[in-house]
Structure formats: structure tokens, C-alpha cells
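Subject: Structure handover

Hello,

Here is the structure I said I would pass on. Please look it over first; my notes on what I found follow below.

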Amino acid sequence: MSSLYDRLGGEGAVNAAVELFYRKVLADGRIAHFFDGVDMEAQIAKQKAFLTMAFGGPNNYTGADMRNAHKRLVERGLNDSHVDAVIENLNYTLRDLGVPETEVKEVADLANSVRDDVLNR
Amino acid sequence: MTLITHEGRPVDVAPGETVLEALLRAGVNAPHSCRAGNCQSCMHRAIDGAPPPESQSGLTDAQKVMGYFLPCICRPTTPLTISRPDDLGASFEAVVRAIDPLSDDIIRLRVEADGFAYRPGQFIELSAGEGLKRHYSLASHPEEDPFLEMHIRLHQEGRMSRHLAEKLQAGDKVHVAGPSGSCFYEGVDADQPMLLIGAGTGLAPIYGVLRDAFRKGHRGPIRLYHGARSRKGLYLSEELQALSNSRENFDYRPCAFDPTAPHGGDVAATALEVEQSVSDAAIFLCGGENLVKRLKRDLFMRGASLKNIRSDAFTPARA
């Protein structure tokens, strides 16, 4: 059985998903304010890194990296409801791209696996 | 062992080691995060030597041409001199050639800087005296003009403005460093529609890009929107109107603030109303920070790819 990343289509799949995903996030009133004033180019690269991780692709993130990257957002009120919203947008993105439900679930599980690090707890 | 030079300091890269690993091992506080070539947190620029192509994966064509690369996936086999991405490097002496008015509060500064390589639309740091440094975009073309051309708005209380208006004269020496910025004609398909939006002196880089596009034989439709606070601020309008009349694929849309005009003459609102289909366009945005951010976000949300949006936002001088 090939890896989730390969089944999804590897880097090409990440590239196809990342702008769609970022548009959904920016259009979502629950979480859009966390992205006010950010540099969009820098942000989309980070979104790509996140999707690569969630797709089971190559990454070397450590828990500490995740904690540091989100520390200031947690101070600004980032909580479980926001992580839920991000994963929901990720699910919609994958469905838009015709990804089967089994894989959608696997991606959501991987994204969920970094929840505690993201929320610094 | 490959040698890299980081901000003047030699760092050895062991076989198989990445530049990021070598920098961290050498005690350099290099920013990084994913260590897999995706998040771009560690991006650096090679100012001498060519980084391996695989270390430029995911970067824009403009960034690749400028030598940007990702240290976390860079295993160099030849020496590199690298700097932080925002480092403009050494400065060069230049001589003021002419200072001329373009409107009631915008001047055109032309300086001669022999051998200074740049792409039209990039910006430089102009240094006109102790502590007097500002970034300005280039409207000139290196293959057509024997000078660097900048368009500068004069602010009544601005130190550089007063220096330019009251002291600086043809023949005076200044210094230029750079260039930097990825707002130039690269990675554009000759048949692609181009959308150029500049506000105020944001026309300078846009004008440079336009000239470069013509020179490189761009065939797709080009629409240029220039926003100004008043009709007087629509400088270069005669030249642009003449170009628009003589070039079938070029359309010039001046927008000056005017309560009776559609959208009050606001350039962003005007462009956003007309430009409904932007997913295939090569987009260039230059002007104040708020305007550029608003346009970038709105154009992205209606389908433009961020890779196709090049922008340069002006920030006010701090002192």
C-alpha cells in the first residue's frame, strides 16, 4: 500500500490544494482575523508546509517548531474551535478536489495530531 | 567540504550537510521552521555563486533569477556567498545627472551609476548623506537608459525631500545599494494578460515593468491603472496616453480622486470593478501599503494565484 502522500498525488496535490485552502481560511470569519496584516507570500509558504505535513509528506517539524510558530496566536486567543475551523476548511478543500472520504479522514487525523503542540499545551 | 561565506564570515559545509545545518552548527542564529523546503522561513539569497536548482523549489521565477534559495534543502557543491534576504549589500557611488519636476509635488531624479545591474521595477536604496537613506523604485531600463530613474514625492517635512529640493544638484555624488524586490517582468508568458496597478509614485516601477514588457515583445493585453490624489498627480499621462493610442494591446486607465467620478476616482475600487477575471493574469501592484494589501487580498480571493501577483508596498520613512 502506497503512502497517503503518494495516494493524494504528492507535491502536485499540495500545490493544487494550497491556494484553494488559503482562500477558504481567509473567507472564514471565525479564523480570518488571525491572518490580518500577515505577509501573504510568507503565509502561503507556511500553509504549503502545513498541508505537506497533513498529507503525510516529507517534513521535519518538531513539536517545538509548532509551539513557537503558534505561541503568539495562542496569546491572542487561538483555541480548539479555531483548530476545528481550520480542519473543516481542509476537509472542504479536499472534497472540492475530489479526494475520497477515506483519505479526507486520514488527512484530518494527521492535522489533528499536532493540535496540542499548536495550542501550546 | 564546500565553503560558503555568510555576511563576510566563512562557514564550512560538510559533505551531505545542508547550508542551514552548517549555519546552525557555526552558531549563526538562522531562522528556520519546517526543514523540508516548504515553509520558506529560512530563505537566503546567494549574492555570488549559483545555488543548486533543487534548493530553489517552490520559489517564484523572479526569486530564482535573484539567487534566492532555501538553506534547509541546499547541499552546495560549489562556493556560495550568501546574505539575509533583505540585505541590499555594498553600495556604489553614483552621480546626479538631473532633477526635474513631474508634477507639483513629484520629482524625477536621474543618477548615473556605471555597471549597476538591475531589472526595471526593482528598488534601490539611495543614500544622499549621513543617515539619509530611502528606498526608491526604478522606472528606467538598463538597456535603454544610461541612468537610474526614480520618481520621488516631495513631503514638506521630509528630510530627503528637502535635501532633494533645496540642496542636491547635477554633478553631486550619492550612493546606491541593491537592487532588491521581485516586482519585475520575469515568469510572465508573452501571451498572458497583464494587470498593472500603481498609485502615486508607485507608477515608477509599473512604468519600468511596462517598458520591459514592450521591449520583450509582450503580446497579451496590458491594462495599466494609475491612481492619484488629484489630476495633477497623474504624471506621465501624455506619454502613457500616446502609448495607449499607438499600441493595440495596451490600455491606460488614469484614476484621480474626484467625488463626481465613479468610485470617487479610487484606483483600487475602479480596477476591482473592471477586473473580474484575473485567474490567468500576471499582476503587478505598487503603492502605499494599505492599497497594495487590499488589492492583493481581493485579487487573490477572486482567483488570482499569489505566484502571479508581484507587489511592492511603500512604507513611510521613519525619520
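**Strand pairing around B:Leu126**

B:Leu126 stands opposite B:Arg134 in strand S9 of chain B. Bear in mind throughout that this is a predicted model. The pairing behind that contact is between strand S8 (residues 123–127) and strand S9 (residues 133–137) of chain B, which run antiparallel and are held by five bridges. Five residues lie between the two strands of this hairpin, and B:Gly129 takes a positive phi near 155° there.

Strand S8 of chain B also pairs with strand S11 (residues 173–180) of chain B, through four bridges and again in the antiparallel sense. On that side the bridge partner of B:Leu126 is B:Val176.

**The open sheet of chain B**

Chain B also has an open sheet of five strands, in the order S2-S1-S5-S3-S4, with mixed pairing. Strand S2 (9–13) and strand S4 (68–69) of chain B are at the edges with a single partner strand each, so one side of each has no neighbour in the sheet. Within the sheet, strand S1 (residues 2–6) and strand S5 (residues 80–83) of chain B run parallel and are joined by three bridges. In that pairing, B:Ile4 has B:Leu80 of S5 as its bridge partner.

**Domains and core**

Chain B is divided into three parts: domain 1 (2–83), domain 2 (91–180) and domain 3 (194–314). The centres of domain 1 and domain 2 of chain B, taken over C-alpha atoms, are 32 Å apart.

The largest nonpolar core has 116 residues, and those with the most contacts inside it are B:Leu196, B:Ile206, B:Val209 and B:Ile283. Leaving aside residues up to four places away in sequence, B:Val209 touches B:Pro120, B:Gly121, B:Cys183, B:Phe184, B:Tyr185, B:Leu196 and B:Phe284.

B:Ala282 belongs to strand S15 (residues 282–288) of chain B. Is B:Ala282 buried or exposed? B:Ala282 has 26 other C-beta atoms within 10 Å, and the cut-off for buried is 20 or more, so B:Ala282 counts as buried. With residues up to four places away in sequence left out, its contacts are B:Val188, B:Gln192, B:Met194 and B:Asn308. Of these, B:Gln192 is 90 residues from B:Ala282 along the chain, yet their C-alpha atoms are separated by 6.7 Å.

**Chain A**

Chain A has seven helices and zero strands, and its pattern along the sequence is α-α-α-α-α-α-α. The C-alpha trace of chain A spans about 40 × 30 × 25 Å along its principal axes. A compact globule of 121 residues would have a radius of gyration near 14 Å, and chain A agrees with this because its own value is 14 Å.

Of the 121 residues in chain A, 29% are buried. Among contacts in chain A between residues at least 6 apart in sequence, 79% join residues at least 24 apart.

**Where the chains meet**

How many residues does the contact take from chain B and from chain A? Chain B gives 13 residues and chain A gives 19 residues. On the side of chain B that touches chain A, six residues are nonpolar, four are polar and three are charged.

Regards

Note on methods: Residues numbered from 1 in each chain as written. Chains lettered and ligands numbered in written order. Predicted model: local features only at pLDDT ≥ 70, side-chain atom pairs only at ≥ 80, totals over all residues. Pairing = 2+ DSSP bridges. Domains from an automatic or database assignment. Contact = placed C-beta atoms within 7 Å. Nonpolar A, V, L, I, M, F, W, Y, C, P; charged D, E, K, R; others polar. Core = buried A, V, L, I, M, F, W, Y, C linked by C-beta atoms within 7 Å. Buried ≥ 20, exposed ≤ 12 C-beta atoms within 10 Å, placed from the backbone. Rg over C-alpha atoms; globule rule 2.2 N^0.38 Å.
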